Structures are given as C-alpha cells and as structure tokens.
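I opened the notebook to record what I looked up, entry by entry.

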Amino acid sequence: MAIQGKPPTLFSHQFQSSLCSSTSSLSLVNGGSFKSKAQRKPLTLRLSRSTSNANDPQDDYLIDAPVSAGDGFSFSGGKYSDGPNPSDEWFKQGKFVKAYQVGGTGEKAKDPIFGLTMGAGSQASGDVFRWFSVESGNADNPTVILVHGFPSQAYSYRKVLPVLSKNYHAIAFDWLEYVSALESFVNEVATNKVSLVVQGYFSPVVVKYASKNQEKLNDLILLNPPLTAKHANLPSTLSIFSNFLLGEIFSQDPLRASDKALTSCGPYAMKEDDAMVYRRPYLTSGSSGFALNAISRAMKKELKAYVEDTKAILMDKNWKVRTTVCWGQRDRWLNYDEVEDFCKNSNHKLIELPMAGHHVQEDSGEELGGIISGLISRRIVT
C-alpha cells in the first residue's frame, strides 16, 4: 500500500502505516512479511566514529545488509553490529499478534518522494495486520494493556512491565494508529475486561476507542495526554516531520526520528543500548519514516480537533470509565497549565510526577509501575 499525498486521519479506517518495531526478518508496516535473502552476498559498511581509536575494531559501527535489499532510502536488515545487541534481546521477548483485516488496494508500496516501489520489507501483507507485542505476567491475572506515545515504541515500557507482571498480565505493543485496529487488537489479546494505559499524543485515539467500548474497560490511565487548548499544536521537534520534502528527509534519519524526538521533551537521557532499539525500525525499512511523516501531517492538521474531542468525551456525563491522569511535570512539550483544573472539573484523579517529563515511563518507569498497580487494584472486574 502506498502512502497517499493526502494526510490521513488517525480515526480513519483507511490509514494503514505503522511505527511498529520489528525483527530483521519481518516487516515494519502493516504486518508485511520480509522474505529473507540471506543467501545473497551481504554488503558490509564499516563506519568509524570520529572519537574512536582507528586501530580498535570495537569502536566501529557495522551496518550489514543484503545487496539486493532496501528501498533506496535505508537498509533492510540493517543493525549496528554483527554480534548480540539489546535490540535482539528485546525482540526475542515478544511475538507477533494478528488482528484486523487488511483493506488496502493491493498495490505495491511506493515512496512518497519519487514514486519508486519500495523493498519487500516495506510492503503490506495480503491478509491481516500484525503487531509486535511483549507480554509479561500470568495470563490468568487481570490484563493491563500499555500503549506507547508518539513517536515511541513498546520498548518504552520495559521498566514498567516487570512491576506489573507481579500481579497482572501486562501487554505492551507497537501500535497501528487508528480506532478500529485498536479494538481488534484488544479483542484478540483479552477476552475479559482490561485496563488501558496510554501516553502522550496517542491518548485521543485511545479515549475515542474507550468511549465506544466502556463496558470493556476497568481503568483508563492517561500519561501526559494533550488536554487543553495550549496542547493543540505539535512541538517543533515533531511538526518538522510534516514539512514538505524536508519532513520526508528528516523522517528517514534515525537520530532525528528517535534520539532527538525522545530526548527533547523532558529529562530523559538515552543510553546507547536503548538507542539501538529505538533506531532499529528506521534502519530496517524506509516505511517507518514514511509512517512518521504521514502521522505527523495528520496530527499537525487535526490535533486541535482531537484535543477538543478528548475533552468532550472525558467530561461527558455518560462517561463511566474510572480515569486517572498521571503528569510528568518536566514535560517540555505539553504545558501543565489548566491540567489540574481540567481534572477537577471532570472529576478525574490527577497524580503528579515531579521528576518525569513527557515520556513518563522512561523517566520514572518503576515508580509508574507501582502507581498503575495501585490504581487498578482498587476494583477489578473481569
């Protein structure tokens, strides 16, 4: 499926690009399968850091990819080293969950700049979407589903999962961003009621889902969601990805798309081992960057409406879901002004985390895990 020139809506049933992570043997977008071409002679590029000792091979970066792979913008199967790394370890913990029927045109995906057909790793599947998912804890325990923010990955909840797994069945997944797909995923992984945790700019879509499925939820926990009129504009770090041409170029840059986007919004200081996980989608397929560009364009155009819808839903007298807002007060993207007033007026619980920024789960993961456990333990209905 090609990403169209017209910005998609996050609530649309037609948007089929994702920012999901993947192993090097599987597609990043829409569950498309990557057919291994390991029998081809690989091309190895050795890039030395300027600060390294040129005689020390441990200070070199390696990017390995089959000669025939790639879509002209990135390396399919690319990675930082030819040995074990944190990215491999993370993906070994997970699995792929199939849910939601694909409804695309069946045409080959093409890049939005030159119209060139992209590599196999960027193509859509012919049946259903697949999500990379990491589960932790006993499946017989109450289910908690963790939805990452934009732009981020399930990996952001790595510190939260061990805490929740003691008493709950916790699931973090790399998500395709629209309501019907979320509903399909939730129904696939949990037959009983669930608690939903969502962070940042994807909160409006989860709130929209919750409004249509209140009977499915025990709790809704929002981490630094856009809630006020001051939150209706994307920060420049994200809006730049929506720019014509420049945005399409920047969205293919792993350092700008992952490192800068995740560290510019709060106190989070990314370690190199973590950066290797976050950069991997942008190294393995150009489709992750194209999805980042498409989602940014949609949000820049419609974020104000999303925020207004979220406020209306959460303040509606028919809203029955127990809701808590957890707020990292060192958020550089979303201003805390009016958040407290909103929670008071809507009668929702507010928990402040003074040391956390926009990505609360990164800055205060273990603390957040304890908070979530305490909130959802008050009354669990299955």
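In which loop is N224 found? I found N224 in the loop between strand 8 (217-223) and helix 5 (236-239). Here helices (H or I, at least four residues) and strands (E, at least two) are DSSP runs, numbered from the N terminus.

**Entry: ground rules**

I am reading a predicted model, in which local features need pLDDT of at least 70, side-chain atom pairs count only at pLDDT 80 or more, and totals for chains, interfaces and linings use all residues. Residues are numbered from 1 along each chain as its sequence is written, and side-chain values use heavy atoms, with hydrogens and water left out.

**Entry: the whole chain**

I noted 12 helices and 10 strands in the protein chain. The chain has 382 residues, and buried residues make up 58% of them. Buried means under 20% relative accessible area, exposed means over 50%, and partly exposed lies in between (1.4 Å probe, protein chains only). I then looked at contacts (heavy atoms within 4.5 Å). Of the contacts in the protein chain with a separation of 6 or more, 76% are between residues 24 or more positions apart.

**Entry: backbone angles in loops**

I first recalled that most residues other than glycine have a negative phi, and most peptide bonds are trans. I went back to N224, where phi is near 45°, a positive value in a residue other than glycine. N224 counts as buried because its relative accessibility is 0%.

L245 also has a positive phi, near 65°, and is not a glycine. I located L245 in the loop between helix 5 and helix 6 (246-250). Its relative accessible area is 39%, so L245 is partly exposed.

I then checked a peptide bond. The one from F150 to P151 is cis, with omega near -10°. P151 lies in the loop between strand 5 (143-147) and helix 2 (161-164).

**Entry: helix 8**

How far apart are the end C-alpha atoms of helix 8? I read 18 Å for helix 8 (residues 272-284), which agrees with the 18 Å that its 13 residues should span at 1.5 Å a residue. The expected span is 1.5 Å times one less than the number of residues.

I also looked for a bend, which is the angle between axes fitted to the seven residues ending at a residue and the seven starting there. Helix 8 bends by about 40° at Y278, and the proline P281 follows within four residues.

Is helix 8 largely enclosed or largely open? Helix 8 is largely enclosed by the rest of the structure, because 11 of its 13 residues are buried. Among the buried residues I listed D274, M276, Y278, R280 and P281.

Two packed helices are described by the angle between their axes and the distance between the axes. Axes are lines fitted to C-alpha atoms, for helices over the stretch in contact, and angles run from 0 to 180 degrees between N-to-C directions.

The axes of helix 7 (residues 254-263) and helix 8 come within 8 Å and cross at roughly 145°. I noted this crossing as right-handed; a crossing is left-handed if the near helix is turned anticlockwise from the far one by less than a right angle, and right-handed if clockwise. P254, L255, A257, S258, D259 and L262 in helix 7 meet A275, Y278, R279, Y282 and L283 in helix 8.

**Entry: helix 9 and its neighbours**

I turned to helix 4 (residues 203-212) and helix 9 (residues 287-315), whose axes come within 9 Å and cross at roughly 40°. Helix 4 and helix 9 are therefore oblique to each other. Angles under 35 degrees count as roughly parallel, over 145 as roughly antiparallel, 65 to 115 as roughly perpendicular and the rest as oblique. The crossing of helix 4 and helix 9 is left-handed. P204, V207, K208 and S211 in helix 4 meet Y306, T310, I313 and L314 in helix 9.

Helix 9 also packs with helix 10 (residues 339-346), at an angle of about 35° and with the axes 9 Å apart. I noted that this crossing is right-handed. K311, L314 and M315 of helix 9 make the contact with F342, N345 and S346 of helix 10.

T310 counts as buried because its relative accessibility is 2%. Leaving out residues up to four places away in sequence, I found T310 touching P204, V207, P226 and L227.

L314 is buried, with a relative accessible area of 2%. Again leaving out residues up to four places away in sequence, the residues that L314 touches include V207, L222, W319, F342 and H348.
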